[in-house]
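Welcome, and thanks for opening your viewer. Let's take a walk through this structure together, one selection at a time.

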Amino acid sequence: MSNPKSDRVSASKSATEARGETFYPGPSRTQLGAYPPKERWDDWVELDSRAWPQRLERHYLLVPTTCFNCESACGLLAYVDRETLEVRKFEGNPEHPGSRGRNCAKGPATLNQVKDPDRILYPMKRAGRRGENRWQRVSWDEALDDIAARIRKAIAEKRNNEVMYHVGRPGEDGYTERVLAAWDVDGHNSHTNICSSSGRAGYQWWMGYDRPSPDHANADLILLISAHLESGHYFNPHAQRVMEGKAKGAKLVVFDVRLSNTATHADHWLAPWPGSEPAILLAIANHLIQEDLYDREFVRRFWNWQEFMEQEHPKERASFEGFEKQLKKLYAEYSFAFAERESGISASVIQEVAKLVAAAGPRLSTHNWRSAAAGNLGGWQVTRTLFLLNALMGAVGVPGGVFPNAWNKFVPKPIHTPPHPHQWNELSWPQEYPLAMNEMSFLLPHFLKEGRGRLEVYFSRVYNPVWTNPDGLSWIEAITDESKVGLHVALTPTWSESAYFADYVLPVGLGSERHDLHSYETHDAQWIGFRQPVLKEAHARLGRKVKDTREVNPGEVWEENELWIDLSWRIDPEGAMGIRKHFESKSEPGGKLAVDEYYGFIFSSSVPGLPEKAKAEGLTPLEYMRRYGAFEIARHVGAQHAARVPKAELEDVRVTPQGRVYTRAEKPASANVVPVPSPDPDAEGRRPVGIEVDGDVVRGFPTPSGRLEFYSATLKAWGWPEYALPSYIRSHVHPQSLEPGEVPLIPTFRLPVQIHTRGANAKWLDEIAHTNPLWIHPSHAATLGLATGDLVRVETRIGHFVVKAWVTEGIRPGVVACSHHMGRWKLEGPGQRQAMATVSLQREGTRWLLRRERGVEPFDSADADTSRIWWTDAGVHQNLTFPVQPDPVSGMHCWHQAVRVKRAEPADRYGDVSVDTAKAREAYAEWLKLARPAASHSPDGTRRPYWLLRPLKPGREVYKLPGATTRP
Ligand code: SF4
């Protein structure tokens with residue numbers, strides 16, 4: 001993608017500014033006047049609230065960093081006491097263009113995490129059996145030498161695929177992927193297939209990009225299939241823009257089975273039967289199509305309708321008018337009455353929403369995150385049918401519409417770029433799922449049990465698979481088996497259910513203790529944010545140099561940037577393996593790369609406009625980022641798909657009959673290396689450069705056709721012809737799939753003030769939210785004789801859990817819901833005591849019982865608040881009772897469960913979890929049968945279409961299926 005330059009930062013004033021209202025002069029441009037002006041960030045004075053009524057002044061250094069508590073990466077300002085160099089609080093950073101000085105509750109709670117008395121401060125090695133929760137302190141040297149030796153041996157013996165890095169909260173853009181590429185291991189494994197894969201897949205099939213960037217603030221209609229205002233992606237930055245849009249008169253429509261906080265703000269709240277969302281969206285689309293209410297010109301110019309006509313209606317002339325006739329026929333079955341039958345939402349309400357969509361025209365901003373896409377078999381059609389509305393209305397790349405994420409994101413070039421790995425790891429990318437959006441991470445225990453491979457070194461990094469994934473007891477069985485996992489290294493700031501089953505627990509930094517770079521699609525702009533160890537910068541401002549973050553972090557907490565450089569040198573100390581060179585200094589050849597050089601290079605040479613901006617303030621680019629924490633590169637990016645391709649890029653071009661344009665011209669050097677998909681070159685080696693539209697060559701989209709793919713020839717070619725178009729797949733919790741007595745359980749929603757595993761060391765958050773009752777409608781509860789607080793047994797296919805009922809009208813009758821955010825537990829021994837119940841874990845063959853022995857209790861520590869803990873609850877760990885349910889196309893775990901809800905039995909205790917992992921295995925085998933493997937469905941002898949996105953994309957040569965004769 002060319003670097004967008006349509007509207008640089010110095011451009012026009014906002015409406016607020018034009019009205020002459022007071023606003024903060026930085027990128028936030030908010031009217032809030034309470035932010036400390038940046039000129040006073042070296043000595044900001046506030047009265048000490050604790051000294052009241054005495055007026056005691058405290059002097060602060062205000063040091064920016066970014067929050068690590070969700071993927072939004074909002075700006076934070078650390079208030080560092082100039083006298084004691086203690087961080088006293090975190091507030092919003094008004095210089096951050098995404099969050100604009102605002103945070104949710106989890107941002108300021110970073111302070112709790114930093115000061116948590118139970119946090120892990122030193123490297124620990126297990127002192128008993130794996131899983132016994134007995135530990136001894138070791139040095140970083142001892143731990144890293146051991147780990148490095150094992151990795152070195154594995155690579156030397158060509159067992160590269162036995163090294164796996166499994167990441168939960170990445171919080172960074174590509175640093176660790178480059179580390180793995182330098183080691184030549186295809187070992188990146190993420191949590192994405194239990195999170196957002198299906199949501200992403202629907203967008204990828206359309207655009208070649210996997211996420212939307214909605215312009216909520218300028219929309220006339222905001223249509224959300226998620227609880228965006230309280231827990232969306234990107235939560236606070238998007239929530240504030242949704243409210244901005246509403247304040248300007250936008251209507252808000254929310255689809256959610258629950259009355260979420262977001263639904264309470266909606267003009268229309270629709271609570272459909274889980275999984276029926278595409279039926280509603282298709283009915284709206286059908287209304288637009290039958291009534292000719294769509295943007296004909298946009299469809300004609302940017303959809304791949306010609307390809308559809310040629311492949312599906314070869315006997316007809318491929319005219320646009322002919323296509324429109326077909327379109328009307330294709331969607332006629334999706335009437336409002338059909339949608340009502342599927343969803344339970346009345347046809348008149350759906351029709352009303354359809355009229356709002358039509359009236360919004362291109363000012364239609366839409367988003368689905370997790371929610372319905374993450375819950376249902378075929379959930380990827382939720383986002384595909386949602387984006388169909390944008391594609392029909394021309395609400396793509398225009399104000400108030402939806403942009404592809406990569407246009408509103410900036411990923412700079414690093415100092416070293418190792419080659420793509422020459423490996424393909426079938427433990428993460430098995431042949432059964434050639435179209436999977438991300439790694440099949442949650443099937444790992446089953447693959448290990450089947451002997452598909454073993455792991456020499458398994459890193460879990462800010463990730464807690466035992467607790468977060470479905471089927472956690474199968475995880476425990478697999479990772480305690482040393483023949484399957486040689487060494488488990490948990491890189492984590494907190495104790496977790498998975499860390500108990502590690503060999504080393506290594507303390508890594510929180511948001512104010514580490515370096516990372518990020519840039520996210522919060523709105524139509526591009527910005528880059530910089531996380532940094534705030535005490536390093538505080539020392540620097542006072543004239544003291546810090547070499548290693550362990551010098552300033554609590555205990556021996558280490559940031560990962562330095563850790564990976566150090567570990568890579570230990571793996572290849574002489575440089576003979578070709579690894580070390582990727583971690584060497586360029587300014588001091590042969591020396592170790594320092595983090596200052598790493599980021600100094602990026603900020604000086606890869607971020608357009610930053611060097612000039614820094615120079616104007618008498619700073620180096622690195623000093624600028626350390627001082628302000630973020631930089632706005634472009635305020636508007638605009639319609640990149642319609643941008644003309646410059647003549648210099650058009651050399652010896654070939655234009656296909658469908659208008660795909662290929663060129664022999666080299667790709668121009670661009671600072672922005674957004675990881676866009678790579679459509680195939682033509683047979684003569686020309687690269688795709690754009691599409692021909694009405695005589696112009698414009699950029700288009702990075703799909704094989706270069707257009708928005710209403711019709712996916714890829715899905716058809718890879719064995720899914722029935723899904724080549726946006727359509728409706730009935731969920732596994734559709735009424736016709738449920739047994740008598742079963743109801744759907746919705747387990748996918750977050751609590752707005754919790755942070756998965758890391759919420760357990762934030763006392764303010766734990767005090768606010770520490771339980772997850774079962775939402776049940778009064779009419780449903782009455783049939784079971786249940787009242788709020790009664791114990792309920794919820795039976796899944798592989799076991800049951802015991803939870804308290806919450807009888808509420810805020811849920812659709814006949815559906816129950818329970819947040820996945822609670823249910824933390826610990827074994828006897830160390831753990832996060834303010835949010836973890838102490839449990840016993842009993843096993844008889846494949847049958848497991850987790851029983852709560854003690855709830856949360858007050859305890860003495862350096863923080864007097866821990867002796868005042870008044871809550872005992874920590875919720876119930878429902879995910880343990882869920883079998884794996886991989887979607888055969890996207891690979892996403894389909895979270896919703898078919899369950900039976902009963903009154904608890906006399907012997908049941910609150911928090912009980914009972915599971916039979918033999919049944920979990922049966923469920924795995926059944927879902928696996930739905931897959932259409934590459935071996936029997938690949939059209940070209942490859943493992944996967946090369947153009948599809950893939951984290952840590954390997955070299956093209958390893959895409960070839962073993963034994964395949966066709967050249968990839
Ligand atoms: S939305 Fe909240 S948790 Fe997420 S980055 Fe922003 S402040 Fe942190």
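## Start in an enclosed space

The second largest cavity has a volume of about 260 Å³. To find it, select Ser226, Ala227, Ser371, Thr748 and Phe749, the closest to its centre of the 20 residues that line the second largest cavity. That lining divides into 9 nonpolar, 6 polar and 5 charged residues. Here Ala, Val, Leu, Ile, Met, Phe, Trp, Tyr, Cys and Pro count as nonpolar, Asp, Glu, Lys and Arg as charged, and the others, Gly among them, as polar.

What is a cavity in this tour? On a 1 Å grid over the protein atoms alone, a cavity is a set of points where a 1.4 Å probe fits but cannot get out, while a pocket is an open set with protein on both sides within 12 Å along at least five of seven lines; lining residues have an atom within 4 Å of a point. Grid points are joined across faces, edges and corners, and a volume is the space filled by probe spheres set on the points.

Keep in mind that this is a predicted model, in which local features need pLDDT of at least 70 and side-chain atom pairs count only at pLDDT 80 or more, while totals for chains, interfaces and linings use all residues. Residues are numbered from 1 along each chain as its sequence is written, and side-chain values use heavy atoms, with hydrogens and water left out.

## Zoom out

Now show the whole chain as a cartoon. The protein has 29 helices and 35 strands; helices (H or I, at least four residues) and strands (E, at least two) are DSSP runs, numbered from the N terminus. The radius of gyration is 27 Å, close to the 30 Å that the globule rule gives for 968 residues, so the protein is as compact as a globular protein of that length. That radius is taken over C-alpha atoms, and the globule rule is 2.2 Å times the number of residues to the power 0.38. Along the principal axes, the C-alpha atoms fill a box of roughly 75 × 75 × 65 Å.

Of the 968 residues, 66% count as buried, where buried means under 20% relative accessible area, exposed over 50%, and partly exposed in between (1.4 Å probe, protein chains only).

## The largest cavity

Next, select Arg169, His191, Tyr463, Thr468 and His756. Which space do they surround? They lie nearest the centre of the largest cavity, which is lined by 34 residues and has a volume of about 450 Å³. Its lining has 13 nonpolar, 16 polar and 5 charged residues. In total, the count comes to 9 cavities of 30 Å³ or more.

Stay with His756, in the loop between β26 (743-746) and α26 (763-768). His756 is partly exposed, at 22% relative accessibility, and has a positive phi of about 50° although it is not a glycine. Then move to Val462, in the loop between β16 (455-461) and α18 (465-468). Val462 also has a positive phi, near 40°, and counts as buried at 10% relative accessibility. Most residues other than glycine have a negative phi, and most peptide bonds are trans.

For a peptide bond to inspect, select Trp52 and Pro53: a cis peptide bond joins them, with omega about 10°. Pro53 is in the loop between β2 (44-47) and β3 (57-66).

## Two buried loop residues

Select Ala874, in the loop between β33 (847-854) and β34 (897-903). Is Ala874 buried or exposed? Ala874 is buried, with a relative accessible area of 0%. Beyond its neighbours within four places in sequence, its contacts (heavy atoms within 4.5 Å) include His770, Met822, Arg824 and Val856.

Gln834 comes next, in the loop between β31 (825-826) and β32 (837-844). Gln834 is buried as well, at 3% relative accessibility.

Finish at the second largest pocket, with a volume of about 910 Å³. Of its 40 lining residues, Arg660, Tyr662, Asp680, Pro704 and Ser705 are the closest to its centre. Elements giving two or more residues to this lining include α10 (296-302), β23 (660-663) and α25 (713-717). By class, the lining has 18 nonpolar, 8 polar and 14 charged residues.
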